[in-house]
Amino acid sequence: MFGSYLPILVHFVVVVVVAGAIMGLSAWVGVKRPSREKLSPYECGITPVGDARGRFSISFYLVGMLFILFDVEIAFLFPWAVVYRSLGWFGFIEMFLYIVILLAGYLYIWKKGALDWTR
Amino acid sequence: MAPLFYIFAVLAILAALSVVLQRTPVYSALSLIVVLCSLAVVYLLLGAEFLAVIQVIIYAGAIMVLFVLVIMLLNARQETPSDRSRLARWLGAPLLLVFLGELLFAVWERFPAATTRAAALPDAGPRAVGALLFRSYVLPFEVTSILILVAVLGAVVLAKKRL
Amino acid sequence: MITVQADDLVRILPQAILAGFAILVMVFEPFLPAARKTLLGWFSLFGVVAAGAATIRTSFSPGLAFGNSISADRFSLFFICLFLLVAALTLLGSFHSLERENINHGEFYALLLMATVGMCFMAASTELIMIFLGLEISSLATYVLAGFKRQDALSNEASLKYFLLGSFATAFFLYGIAVVYGLTGTTNLLVLSAQLGRSGEFRPGAVFAWVALLLMFVGLAFKVSTVPFHVWTPDVYQGAPAPVTAFLSVGPKAAAFAVLLRIFLGAFASAGSGVFWVFWASAILTMCLGNLAALLQSNVKRLLAYSAIAHAGYVLVGIAAGRGEGTAPVLFYLTVYALMNVGAFLLVAHLAGTGERWTRIEDFTGLGYQRPAVAACLAAFMLSLAGFPTTAGFFAKFYIFRAAVHSGLIGLTIVAVLTSVVSVYYYFRLIVVMYMREGKAEAASASLPWALRVALAISVVGIFYLGLYPTDFLLLTNLAAVPLP
């Protein structure tokens with residue numbers, strides 16, 4: 001059972017080693033001549049304005065919450081997809097009903113303009 | 001499997017301590033991601049594959065997004081040490097010990113020896129979960145959609161600028 | 001393998017219809033112009049009536065559904081009818097009030113219907129997972145409803161407070177379910193009941209069994225606001241929009257009592273005396289604190305909130321009286337309580353005027369001379385809440401006390417009687433202010449809209465009907481009390 005997770009473990013190890021190597025090497029080999037310009041936060045080449053920790057609009061929060069809700073919905077699709085064949089039409093209908101109910105929620109959000117940034 | 005368990009269990013505990021001890025909320029949130037991911041590995045080692053995946057997708061993914069958004073929304077900076085209440089100091093530590101003792105007792109009672117290690121773990125992969133969820137628990141599954149709809153309505157009512 | 005039969009669907013027909021209407025209301029909401037949202041309210045009311053008709057169909061094919069997780073028995077149908085009644089009264093009372101407060105949005109009606117769906121599932125489920133889902137649906141919907149006046153700080157506070165404490169309480173309930181599952185390997189009440197019936201107690205680790213029962217009790221005690229889990233009640237009832245308060249004070253409370261009955265007098269009935277003492281103690285605490293604190297209130301909404309706490313105490317007396325004696329009186333009490341409390345809250349909210357400004361007791365001074373009919377109506381609710389003869393409140397209390405005496409709970413009955421004597425004082429304070437003081441009542445705003453009149457008429461007629469001819473309905477509750485769990 002756990003054998004199938006070995007590649008993931010290997011992947012993890014490779015990620016840690018590569019990332020560590022890149023950062024370690026650049027810290028060790030690289031030449032450091034710090035100046036005020038270089039130490040300032042990088043904002044796409046534009047001179048930084050103010051603090052990064054400003055107050056964010058609540059719209060982000062609304063979108064974040066709606067994201068979670070539909071993320072939870074997706075989570076139910078995983079086990080369903082695995083047993084889908086053995087469930088037959090019964091499984092199809094129950095998931096269809098579930099998706100339709102949530103689609104109604106999506107329609108509501110859409111028409112309400114909750115995803116519309118300007119409203 | 002045992003070394004993996006100890007590595008991630010210790011990691012989870014250290015990260016959990018970091019969640020509590022950090023003064024900057026964002027650092028706490030990031031430490032929480034480490035806790036949640038380590039727990040996912042522990043679930044995986046226990047054979048609960050589905051739970052492990054859900055842990056990463058929902059908790060470490062979606063819910064952490066919400067945490068970070070709230071921290072940004074509230075514009076939470078470094079925590080200023082409040083005048084710690086006496087009650088917390090005198091009651092907190094003993095209660096913690098009591099709870100710890102209770103847990104140890106429960107574990108000790110239920111698992112007297114290390115024999116349970118090899119006991120057959122129940123199959124908790126997505127296939128088993130799916131078979132149970134979509135056959136025996138059809139109704140709870142469908143009703144969950146209503147619960148999500150309530151949450152959708154709630155999110156819009158509470159957080160949308162204009163209704 | 002479970003397949004869903006036609007009978008399964010018939011047995012959840014009321015819930016399914018309500019949920020369908022809720023979804024339709026939600027989808028139609030964005031398409032309607034702001035001035036026409038009341039249409040959605042009427043549509044919801046139609047949905048409630050349709051669900052009521054569906055309960056009649058369901059009653060013709062009673063039985064278990066969905067692998068023993070739903071029980072369409074007389075007990076659950078009784079509660080479903082009660083919830084539908086509460087939802088209908090709340091809807092009738094909300095149209096005008098929402099318009100006045102400028103919060104007439106379709107979401108209100110959708111959330112109200114969904115909360116009702118959740119409550120119906122709570123009462124009808126014999127599976128702890130389904131009960132939890134129902135609890136969660138009704139709780140989430142009511143958290144949002146409590147904060148529906150989005151511009152109002154008190155309403156926001158109510159919502160937040162209710163949410164924080166409420167989610168904590170549901171976590172307790174869920175933890176209890178988890179421990180039950182850990183001990184017995186099942187979450188189905190019927191299976192649990194059979195297992196317990198055989199062995200008489202939990203086999204492995206009786207300590208943990210008590211932990212499980214206590215955790216579940218705490219979770220539900222929060223919903224019915226028994227002392228010491230009541231602290232949220234006055235603030236939330238005061239801050240929430242008035243129709244929501246009317247709904248909150250009755251609906252989720254009755255649903256949680258249904259679950260308490262099913263769990264503690266049904267599945268875990270053999271757990272015996274330990275459970276009894278929990279109910280005994282919390283009944284005494286709740287009755288005493290609720291009634292004494294109500295004496296000190298000057299705000300009518302808060303007064304009614306403490307009175308609601310006190311009434312939960314009387315219901316607990318009924319539960320403490322036990323399975324054979326107490327269940328039917330509890331059902332009777334909850335129905336009467338629903339009628340009088342919804343009526344009182346709706347009326348007080350209407351009289352309070354825009355922004356619910358006039359809610360102090362003095363604001364009602366002299367109302368009896370300015371608006372005789374309205375004052376008489378409010379007086380009737382107060383008399384019934386106090387348990388005055390010829391009103392339903394009298395028989396509701398009487399049956400509970402009788403059941404308690406039959407079960408030998410003399411001490412508990414004495415406390416209950418004494419505290420209800422105390423309660424007469426604060427209910428009569430409002431009546432005295434209305435009739436025996438000269439003055440110009442501030443709370444005498446515009447005339448009653450006719451939808452509210454219908455709701456009040458139903459409540460008042462119900463109160464006097466049950467107060468004068470209680471026997472028929474008592475028989476009905478006796479029938480509904482039989483098939484537990």
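The model is predicted: local features need pLDDT of at least 70, side-chain atom pairs count only at pLDDT 80 or more, and totals for chains, interfaces and linings use all residues. Residues are numbered from 1 along each chain as its sequence is written, while chains are lettered from A and ligands numbered from 1 in the order in which they are written.

- Chain A has three helices and zero strands, where helices (H or I, at least four residues) and strands (E, at least two) are DSSP runs numbered from the N terminus.
- Along the sequence, the pattern of chain A is α-α-α.
- Chain A has 119 residues, of which 14% count as buried; a residue is buried if 20 or more other C-beta atoms lie within 10 Å of its own, exposed if 12 or fewer, and partly exposed in between, with C-beta atoms placed from the backbone.
- Seven residues of chain A are in contact with seven residues of chain C, contact being C-beta atoms, placed from the backbone, that lie within 7 Å.
- On the chain C side of this contact there are five nonpolar residues, one polar and one charged (Ala, Val, Leu, Ile, Met, Phe, Trp, Tyr, Cys and Pro count as nonpolar, Asp, Glu, Lys and Arg as charged, and the others, Gly among them, as polar).

**Helices α5 and α6 of chain C**

- The axes of α5 (residues 106–124) and α6 (residues 128–146) of chain C come within 7 Å and cross at roughly 155°; axes are lines fitted to C-alpha atoms, for helices over the stretch in contact, and angles run from 0 to 180 degrees between N-to-C directions.
- This angle makes α5(C) roughly antiparallel to α6(C) (under 35 degrees counts as roughly parallel, over 145 as roughly antiparallel, 65 to 115 as roughly perpendicular and the rest as oblique).
- Residues of α5(C) that meet α6(C) include C:F108, C:L111 and C:F121, and those on the α6(C) side include C:M130, C:I137 and C:L145.
- By class, this contact has 17 nonpolar, four polar and no charged residues.

**Backbone features in loops of chain C**

- A cis peptide bond with omega of about 5° joins C:V227 and C:P228, and C:P228 is in the loop between α9 (206–224) and α10 (233–239).
- C:F66 is not a glycine, yet has a positive phi of about 50°.
- The loop between β1 (63–65) and β2 (70–72) holds C:F66, which counts as buried because it has 24 C-beta neighbours inside 10 Å.
- C:T390, also not a glycine, has a positive phi of about 75°.
- C:T390 is in the loop between α17 (372–386) and α18 (392–406), and with 14 C-beta neighbours inside 10 Å it counts as partly exposed.

Methods. Two residues are in contact if their C-beta atoms, placed from the backbone, lie within 7 Å.
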